[in-house]
Amino acid sequence: MSVSLANPTEQGTATEAALLEVRKVAKRFGTIDVLKNISLNIASGEFLTLLGESGSGKTTLLRLIAGFEQPSVGEIWMSGQRLDILPPYRRRVNTVFQNYALFPHLSVRDNIAYGLRVKNTSRSEMSSRVDEALRMVKMQDFAASRPSKLSGGQQQRVALARALINRPQLLLLDEPLSALDANLRKEMQGELKALQREVGITFLFVTHDQEEAMALSGRIALLRDGALEQVASPREIYAHPATAYAAQFIGQTNLLRGEIRDSIATCGALRWLLDETDGPVIFSLRPESIRICADGKRQTSEVKFRATVRQQFYGGPSELLEVDCGSGQMLRVRIPARGPLAGEHDFVFTLADAIRMKE
Amino acid sequence: MYSRAYKSLVSLPPLLWVGIFLLLPYALMFAHSFWAVREGLVVHQWNLHNYKILFSNPLYAGVLFRTMRIAAAVTLCSLLLGYPLAYYLSFHAHARKELLYQLVIVPLWVSYLVRGYAWKTILGSDGILNGFLQYLHLTHEPVVFFLYSPFAVVLMLTHIYTPFAFLPIYAALEHIPRPLVEASHDLGAGSTQTFLRVILPLSMPGLLAGATFAFVLSLGDFLAPLLVGGPSGIMIANVVQTLFGAAFDWPLGATISVFILILTVSLLFLSELLEKRWSFK
């Protein structure tokens, strides 16, 4: 992947020739549509995350690409060849499974060598490549161990090495970090990202954890009930969520429902001038876009409102407030940590930060 | 928790049961094997004479050898039938799994004797098999070696013990996590390689348990040879039965029993050892 200076690592769209093309794929199980008309391109060298709640179809899409399921409708292409008609063992795709699926009867070394062994790789080449893979995941000291003797993080490393040793064009990762505890997960996220940069292999990562998706991915494909909600870089989705669902799922937000009439937007207690056609509207307003207005003054581009602090959640450098703007309209506000707050205060936000969106 | 008195009270009946009906008979059998028979009476004279007979008389050694050969053949046939069946049920039967499983189990509820007599009817000179072969003009006279031969014994025992071989294999296959099979395919292995490198090794404990069942149960069987074995199909249990009955040589019968017991226990022990070695958790 060539990277231009102006737009490093992150790209809003896959502009280069796609490595993988999912073309109008649908999957039915019985009477249930698990995936509906999915079209998705993945560029070579990309780190793309399939993000969605459980049951959104993200794992099913992964399994279609791996070859464990067949699409009911549509085609999948990789490097200009039809992929979905090949059996899993003929695809240049490897998977890191959710619970790693390491072979319990084989040592770490034999687990990693498995892919080379079934392809009758010569003994000397196998030995050197396995050593290299062990080094890459820092598991040299455990080469002779059985998987059951390893910790979750170590099993995860072996699973990665076992998949990457085959030099796949595309690596699929099915919630590989979900079995790890919080600290180890953060650590593995770092390792995973570094590893992807090092080997340059395209990663397709599945998770339900939006923070993880934001931290790791070049692009996120957000799935909702088997359909793609939005495909964009984490920054793009966060700043310009396509739908209310995307705004809520990626980071926290306040959804303001209201209407525009005579160039005035009214959402509960909040009102501001907005020169658009009349009708119902939804705005997304991120908690950190709202701040406390100590002097009570506002700029022309700002909206000011008065609200009562109901809850305060301390979070180290910042804290989250739940404020009541009257008649039970609650908003979340993130402010730099500043000690206990109570009673009524003035709050302001910039008009441009209230982003209008579709349902 | 529970008082000592309560604990002794509940453990006493099973202990008595095991003591009276298991340990005492074993002890008696063991003692008899070192005693002798004089003028139709068992005399309590300790000696190793019976063991000498067992190992020196070619008659007993011959029957013992044949018994083991038959048991080995039954084991092999049961595994060859039971493993593919278990594999099919576990991996490919899908919705028909429950039904097929029941079909394998149902014969176990049919009396052993009924199944034995059924084979007599099938294999006899004017039996179903011979009748069918003559109807097809493949044979013109009844084939006599179908019945009353080691072949008939192996056939009947295979029929009876295949479910016993099938069950532990099926259980082992059902316990193989399916993601392992997918991982194998994912890493480039086709069905054959996946079977040989993942499924077979992981089902070894079940295979071993199935083999042990089939072998040990066949080794001690005396009804099949009695019903369909004939003189050439006699097995060691029939010899023991004769020694305790018509021949009235309890000490020699006990000696053979002790020998079979030791053989069986060592087999179970060995199988346990291997099963531990081949199980991974």
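I began with N120(A), which counts as exposed at 67% relative accessibility. This is a predicted model, and I read every entry below with that in mind. N120(A) sits in the loop that runs between α2 (108-118) and α3 (123-136) of chain A. I looked up its backbone: phi of N120(A) is near 55°, a positive value in a residue other than glycine. Most residues other than glycine have a negative phi.

I then turned to E175(A), where phi is near 40°, again a positive value in a residue other than glycine. E175(A) lies in the loop between β7 and α5 of chain A. Is E175(A) buried or exposed? I noted it as buried, because its relative accessible area is 8% and the cut-off for buried is under 20%.

**Six-stranded sheet, chain A**

I traced an open sheet of six strands in the order β6-β7-β8-β3-β9-β10 (chain A), with mixed pairing. Which strands stand at its edges? They are β6 (93-96) and β10 (227-232) of chain A; each has a single partner strand, so one side of each is left without a neighbour in the sheet. On average, neighbouring strands of this sheet are turned by 20° against each other, direction ignored. I followed β6(A) to strand β7 (residues 170-174) of chain A and found parallel pairing over four bridges. V93(A) has L170(A) in β7(A) as its bridge partner. Helix α5 (residues 182-199) of chain A packs on the sheet and touches β3 (47-51), β7 and β8 (202-207) of chain A. The direction of α5 makes about 155° with that of β8(A).

**Four-stranded sheet, chain A**

I recorded a second open sheet, of four strands in the order β2-β1-β4-β5 (chain A), where the pairing is antiparallel. Its edges are β2 (32-43) and β5 (81-82) of chain A, each with a single partner strand, so one side of each has no neighbour in the sheet. Strand β1 (residues 18-29) of chain A runs antiparallel to β2(A), and eight bridges join them. At one of these positions I found A18(A) opposite A43(A) in β2(A). Helix α1 (residues 58-66) of chain A lies across β1, β2 and β4 (73-78) of chain A, at about 120° to β1(A).

**Salt bridges**

My search of the whole structure gave 22 salt bridges over all chains. In one of them, R219(A) meets E46(A), with the closest N and O atoms 2.3 Å apart. R219(A) lies in strand β9 (residues 219-224) of chain A and E46(A) in the loop between β2 and β3 of chain A, so the pair ties together parts that are 173 residues apart in sequence. Both R219(A) and E46(A) are buried.

I also looked up E75(A) and R82(A), whose side chains form a salt bridge (3.7 Å, N to O). E75(A) is partly exposed, with a relative accessible area of 28%, and R82(A) counts as partly exposed at 29%.

R291(A) and E302(A) form another salt bridge (2.4 Å, N to O). R291(A) is in strand β15 (residues 290-292) of chain A and E302(A) in strand β16 (residues 302-315) of chain A, 11 residues apart. R291(A) is partly exposed at 42% relative accessible area, whereas E302(A) is buried at 10%. I listed one network as well: salt bridges that share partners join R63(A), E69(A) and E182(B).

**Nonpolar patch, chain B**

Last, I examined a nonpolar surface patch of about 1100 Å², whose residues include L16(B), W17(B), F21(B) and L261(B). α1 (4-32) and α12 (250-278) of chain B are the elements that give two or more residues to the patch. The largest share, nine residues, comes from α1(B). I checked L16(B) in that helix: L16(B) counts as partly exposed at 46% relative accessibility.

Key
Residues numbered from 1 in each chain as written. Chains lettered and ligands numbered in written order. Predicted model: local features only at pLDDT ≥ 70, side-chain atom pairs only at ≥ 80, totals over all residues. Heavy atoms only, no water. Pairing = 2+ DSSP bridges. Axes fitted to C-alpha atoms, helices over the stretch in contact; angles between N-to-C directions. Contact = heavy atoms within 4.5 Å. Patch = residues over 30% accessible without salt bridge, like charges linked within 9 Å, V, L, I, M, F, W, Y side chains within 5 Å. Areas by Shrake-Rupley, 256 points an atom, 1.4 Å probe, with all protein chains shown as cover. Salt bridge = Lys/Arg side-chain N within 4 Å of Asp/Glu carboxyl O. Buried < 20%, exposed > 50% of the residue type's maximum accessible area, 1.4 Å probe, protein only.
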